[in-house]
Amino acid sequence: MDIDKASFYKMIAPRPTVCVCTATPDGTPNIGPYSFVTPVSFDPPLVAVSVGRGKDTILNARDTKSFVIAPLTDGWKVEGVRTEVKLPREESEFESVGLTVEPSVRVDAPSVKESPINIECEYWGEFPSGDHILLVGEVVHISGAEDATRNGRINLEDLGGVGHVTGEEFCISRDVTVIDRE
Ligand SMILES: Cc1cc2nc3c(=O)[nH]c(=O)nc-3n(C[C@H](O)[C@H](O)[C@H](O)COP(=O)(O)O)c2cc1C
């Protein structure tokens, strides 16, 4: 069986899903869901998000030099996905979906109060990638709720990680399986 090559990203699934928070130069908060996202370096700690050209996220990150990644979890998955709503750049998606802006510790971009984890990033660079732009940030701070971690990593068992399959299909991950790496 041949599979349509345009479906490649649907074969790499579920993809970790996050909300990326930014702000306009005059301080209007912005938030949107993204699943083309991956760590790219330990030292320095770098994370990349592939953003469609012209989206508010890349415009704001470029202009204000910061963004925040909030990994989507079961408790706020509906609100998080609905931040996809397309609003003018000067209007915030936070209130329209019922999420709350939390000031970040190290960057101007806002954090999400409802998110157990907020990863604050300084703009590190951007790289054209086909019809997207790979936005790379250096992690400068992570804020976590009381039970956000287990064994030093995200507490998937309690929080439930949200993975995107395609369209409106998602996976909730709570099972952690140990595989002996020898
Ligand atoms: C679960 C999910 C994942 C998404 N992943 C991406 C992505 O990785 N890259 C992208 O450009 N758009 C992605 N989108 C679409 C954007 O969220 C959408 O275009 C949004 O309006 C962009 O917001 P912004 O203009 O405020 O940045 C995704 C949408 C959903 C619902």
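1. In this predicted model, 35% of the 182 residues of the chain count as buried. Among contacts with a separation of 6 or more, 61% are accounted for by residues 24 or more positions apart.

2. The chain holds five helices and 14 strands. Its radius of gyration is 16 Å, close to the 16 Å that the globule rule gives for 182 residues, so the chain is as compact as a globular protein of that length. Taken along the principal axes, the box filled by the C-alpha atoms is roughly 50 × 45 × 35 Å.

3. An open sheet is formed by seven strands in the order β3-β2-β6-β9-β10-β5-β4, with antiparallel pairing. Because β3 and β4 (37–41) stand at the edges and have a single partner strand each, one side of each is left without a neighbour in the sheet. From one strand to the next, the twist averages 35°.

4. Within this sheet, β6 and β9 run antiparallel and are joined by four bridges, and Phe67 stands opposite Cys121 in β9.

5. Helix α2 (residues 56–64) lies across β2, β3, β5, β6, β9 and β10, and runs at about 50° to β2. Asp56, Thr57, Ile58, Asn60 and Ala61 are its buried residues, and the buried residues of α2 pack against β2 (18–23), β3 (29–34), β5 (46–52), β6 (66–71), β9 (117–129) and β10 (132–144).

6. One backbone detail deserves a look in the model: Lys65, which comes just after α2, takes a positive phi of about 65°.

Note on methods
Residues are numbered from 1 along each chain as its sequence is written. This is a predicted model: local features need pLDDT of at least 70, side-chain atom pairs count only at pLDDT 80 or more; totals for chains, interfaces and linings use all residues. A residue is buried if 20 or more other C-beta atoms lie within 10 Å of its own, exposed if 12 or fewer, and partly exposed in between; C-beta atoms are placed from the backbone. Helices (H or I, at least four residues) and strands (E, at least two) are DSSP runs, numbered from the N terminus. Two residues are in contact if their C-beta atoms, placed from the backbone, lie within 7 Å. The radius of gyration is taken over C-alpha atoms; the globule rule is 2.2 Å times the number of residues to the power 0.38. Two strands pair if DSSP finds at least two bridges between them. Axes are lines fitted to C-alpha atoms, for helices over the stretch in contact, and angles run from 0 to 180 degrees between N-to-C directions.
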